[in-house]
Amino acid sequence: MGNNGEYLADCRARVGFDLLTNRWNSVVLFALVDGPMRPGRLRAAIGGISAKVLNETLRRLEYGGLVMRRAYAEAPPRVEDELTDLGHSFMVPIRAMGAGSAEHGHRVLEAQDRADEASATA
């Protein structure tokens, strides 16, 4: 952050904001909080995510050091994804966002309903 509170292009806070604002990142991290999972089980636990999008999300999180992929030399091949220590550290803001959403989510939905009604009558 800059001296006057403005966000600079190279501000490190943007790393966290980018991570947390991606639609699936927080969901995948939250799903992995209890331990390693195979992609198929992870996808079933999350629901509503395609195999392609899950794979892209896991790769993005692995690239950022939040998820580690383990491949086992078995037949058939088996892989598991799990949170790294860095990934676990991001659970603090993710849980806070989840708690805030649980407490205030209905207000956001009500505001959206009002906006939809207003634009339908305009």
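Starting at the N terminus, the elements of the protein chain follow the order α-α-α-α-β-β-α-α. That comes to 6 helices and 2 strands, where helices (H or I, at least four residues) and strands (E, at least two) are DSSP runs numbered from the N terminus. The chain is more spread out than a compact globule, because its radius of gyration is 18 Å, well over the 14 Å that the globule rule gives for 122 residues. Here the radius of gyration is taken over C-alpha atoms, and the globule rule is 2.2 Å times the number of residues to the power 0.38.

Before we go further, a word on what you are looking at. This is a predicted model, in which local features need pLDDT of at least 70 and side-chain atom pairs count only at pLDDT 80 or more, while totals for chains, interfaces and linings use all residues. Residues are numbered from 1 along each chain as its sequence is written, and side-chain values use heavy atoms, with hydrogens and water left out.

Now back to the whole chain. Its C-alpha trace spans about 60 × 40 × 25 Å along the principal axes. Of the 122 residues, 28% count as buried; buried means under 20% relative accessible area, exposed means over 50%, and partly exposed lies in between (1.4 Å probe, protein chains only). If we take contacts between residues at least 6 apart in sequence, 44% of them join residues at least 24 apart, a contact being heavy atoms within 4.5 Å. The chain carries 15 positive and 16 negative side chains, and the centres of the two sets lie 6 Å apart. For this count, Lys and Arg are positive and Asp and Glu negative, with His and the chain ends not counted; each charge is placed at NZ of Lys, CZ of Arg, CG of Asp or CD of Glu.

Let us zoom in on N25, which lies in helix 2 (residues 25-31). Why does N25 count as buried? The reason is that its relative accessibility is 2%. Its side chain reaches the backbone oxygen of L19 at 3.2 Å and also makes a polar contact with the side chain of R60 at 3.1 Å. A polar contact is a pair of N or O atoms within 3.5 Å; within protein, one must be able to donate a hydrogen and the other to accept it, and residues adjacent in sequence count only if both atoms are side-chain atoms. Leaving aside neighbours within four places in sequence, N25 is in contact with D18, L19, T57, R60 and L61.

Two of these partners are worth a visit. R60 sits in helix 4 (residues 51-63) and is partly exposed, with a relative accessible area of 35%. T57 lies in helix 4 too, but it is buried, at 0%. Not counting residues up to four places away in sequence, T57 touches W24, N25 and V28, while R60 touches N22 and N25.

For a contrast, look at D34, in the loop between helix 2 and helix 3 (39-46). D34 is exposed, with a relative accessible area of 79%.

Our last stop is P76, in the loop between strand 1 (67-72) and strand 2 (78-83). Most peptide bonds are trans. The bond that joins A75 and P76, however, is cis, with omega about -5 degrees. From R60, P76 is 16 residues away along the chain, and their C-alpha atoms are separated by 25 Å.
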